[in-house]
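Here is a brief report on a structure for modelling work. Have the sequence and the coordinates open as you read.

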Amino acid sequence: MTELSSPALAGLVVLGVAAGWFGALVGIGGGVLVVPALVLGFGVDFPVAVAASLVAVIATSTTAGSVYVGRGLTNMRLAMTLEVATTIGGISGGLVATILPASVLGGVFAALLFVTAFLMLRGASHPAVRIIEPTATGTGWEQPGELAGGYLDLARGGIVRYRARRVPVGAAVSLMAGAASGLLGVGGGFLKVPAMHLGMDIPIKVAAATSNFMIGVTAAASVFIYFARGYVEPLLTAPLVIGVIGGSFAGTRMSGRAQPAVLKLALAGLLLLVAVLMALRSLGAGFDA
Amino acid sequence: MRDLDRPPGRDAPHIVQLLLRVGLAAATVMVTAGLGWALATGRETSLPVGLGALLADAEAPDRLMAGGILVLALTPVARVVALLVLWWRERDWTFVAVGFAVVVVLVAAIVLGHA
């Protein structure tokens, strides 16, 4: 049970708009922002915050997916391939969470995030994308039977073709992202986007759109459990969802013209923020409800 | 707007987009109406609603909002099944197998979670 005044309800809508906007833009569900904000800012119990966050993740995924799929930015075959790993990771994460101390898990997780953020900032592995056809119109596509396709990048002024490489690397990180989701109640997009971009040579915009598409499935599997156990509070979740849907639509409108370098910088900044939060939490100084 | 190099008959993106939009629209209407109803009655206490209470003893605004949340949660699951069927029709057997694996793991996750 959570007490919600009118300003608090308005605050939830604003939180949802921010999480949805940023989530749709960089390919995360926003759970890494929503859970700490609900626990620290609104005094919500941790499992209830995780349940609300998972619904917000699904809202971001569905909203952004409904736009990016139409634009041909999402590679649905790549998404489905990696979803095998994320869902298996989700089960593993849930089982491991009951065995290992939370401080150890948090420390490992924070270290992983620091490394990923560092790689994103350095741009350690630029995907070999090139403009094939200069144009300002059209939609993207994916190649049947393969993990390849092309998309229209307005910021680059043409069509960019791509082909997934090192799929086992992407699958391994997706497994870890799924485990993180099962452990912490987040979508795991902040791991999947760098994995696809740096590990599989997928352009950052396709990686973000495909990650957005995937996280809804990962979160949906978990949210039914939270629903069954009575952790979903509709009055808390509804304003958040409304804000997320509005914010996500705004994020998708910006995505087409956003510079890839700006997206990388934004994601690296988010990774560093979450890494610090996780490190503080594992040391006992952060949120821990 | 023209499609670039997309083989004819490959309509999966449009069907998936329609499915996501319908699910999103239904969920938005239900959640917004339920929230408005709850606020009109002066509610300031957020109560949990389980799947069982959704059909039984929860207050009507809560049931409407929870119903919307349930529709939202079912939408990504529905699109996994839809893609499975669409790729089956396209005879893209590799990804039919991949999609089937996701459905199996999803069911296993839900069953294990309840256990």
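## Strands, interface and core

Asp153(A) has Gly158(A) in β5(A) as its bridge partner. The model is predicted. Strand β4 (residues 148-153) of chain A and strand β5 (residues 158-163) of chain A run antiparallel, joined by six bridges. Together β4(A) and β5(A) make a hairpin, with four residues between them. In that turn, Gly157(A) has a positive phi of about 75°.

A second pairing crosses the chains. Strand β1 (residues 2-3) of chain A pairs with β1(B) in the antiparallel sense. Thr2(A) stands opposite Ser46(B).

| Strand pair | Sense | Bridges |
|---|---|---|
| β4(A) and β5(A) | antiparallel | six bridges |
| β1(A) and β1(B) | antiparallel | two bridges |

How many residues does each chain give to the contact? Chain B gives 58 residues and chain A gives 56 residues. On the chain B side, the elements that give two or more residues are α1 (12-40), β1 (45-46), α3 (60-89) and α4 (93-114). By class, that side of chain B has 34 nonpolar, 13 polar and eleven charged residues.

Next, the core. The largest nonpolar core holds 135 residues. Which of its residues touch the most other members? They are Val55(A) and Val223(A). Helix α8 (residues 204-228) of chain A supplies the largest share of this core, 16 residues.

Beyond its neighbours within four places in sequence, Val55(A) is in contact with residues of chain A and chain B. In chain A these are Val223(A), Thr237(A) and Val241(A). In chain B they are Ile69(B), Leu72(B) and Ala73(B).

Notes: Residues numbered from 1 in each chain as written. Chains lettered and ligands numbered in written order. Predicted model: local features only at pLDDT ≥ 70, side-chain atom pairs only at ≥ 80, totals over all residues. Contact = placed C-beta atoms within 7 Å. Nonpolar A, V, L, I, M, F, W, Y, C, P; charged D, E, K, R; others polar. Pairing = 2+ DSSP bridges. Core = buried A, V, L, I, M, F, W, Y, C linked by C-beta atoms within 7 Å. Buried ≥ 20, exposed ≤ 12 C-beta atoms within 10 Å, placed from the backbone.
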